[in-house]
Amino acid sequence: MNQHHRQSQGTIDIDTRLVTTGAVLTAAGAMVACAGMAMAAFAVFTAGRRMIRDMDVPPAQQAAMKWRQAKEASLAGMRAWQSASDAQNGSLAR
């Protein structure tokens, strides 16, 4: 009993029309997504500009005020620490 087995060569039959359609739909979806992201970014940018324009104090001036406050608080803390340190040293010297 001789049986002859034919083995397939493992080729894949791909419908190129479906692959092309899928690629075109993917590209179209990517373009729609990019347009949506651009519109959203424009809306956020416009709202930010409007918010800054409507502020009573400009952001640069607010930053300068906060910097001065931080420097003054730092100096006050340093003076208090030195004062406490001097008072402690003075009481130890007695």
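**A friendly note on this predicted model**

1. Let's start with Arg17: its relative accessibility is 64%, so Arg17 counts as exposed (exposed is over 50% relative accessible area, buried under 20%, partly exposed in between, with a 1.4 Å probe and protein chains only). Asp15, at 33%, counts as partly exposed.

2. These two side chains meet in a salt bridge, at 3.8 Å from N to O (a side-chain nitrogen of Lys or Arg within 4 Å of a carboxyl oxygen of Asp or Glu). A search of the whole structure finds one salt bridge.

3. A word on the basis: this is a predicted model, where local features need pLDDT of at least 70 and side-chain atom pairs count only at pLDDT 80 or more, while totals for chains, interfaces and linings use all residues. Residues are numbered from 1 along each chain as its sequence is written, and side-chain values use heavy atoms, leaving out hydrogens and water.

4. The protein has two helices and zero strands (DSSP runs, numbered from the N terminus: H or I of at least four residues for helices, E of at least two for strands). Helix H1 covers residues 16-53, Val19 among them. With 38 residues, H1 reaches 55 Å from its first C-alpha to its last, close to the 56 Å expected at 1.5 Å a residue (1.5 Å times one less than the number of residues).

5. Finally, burial: buried residues make up 0% of the 94 residues in the protein.
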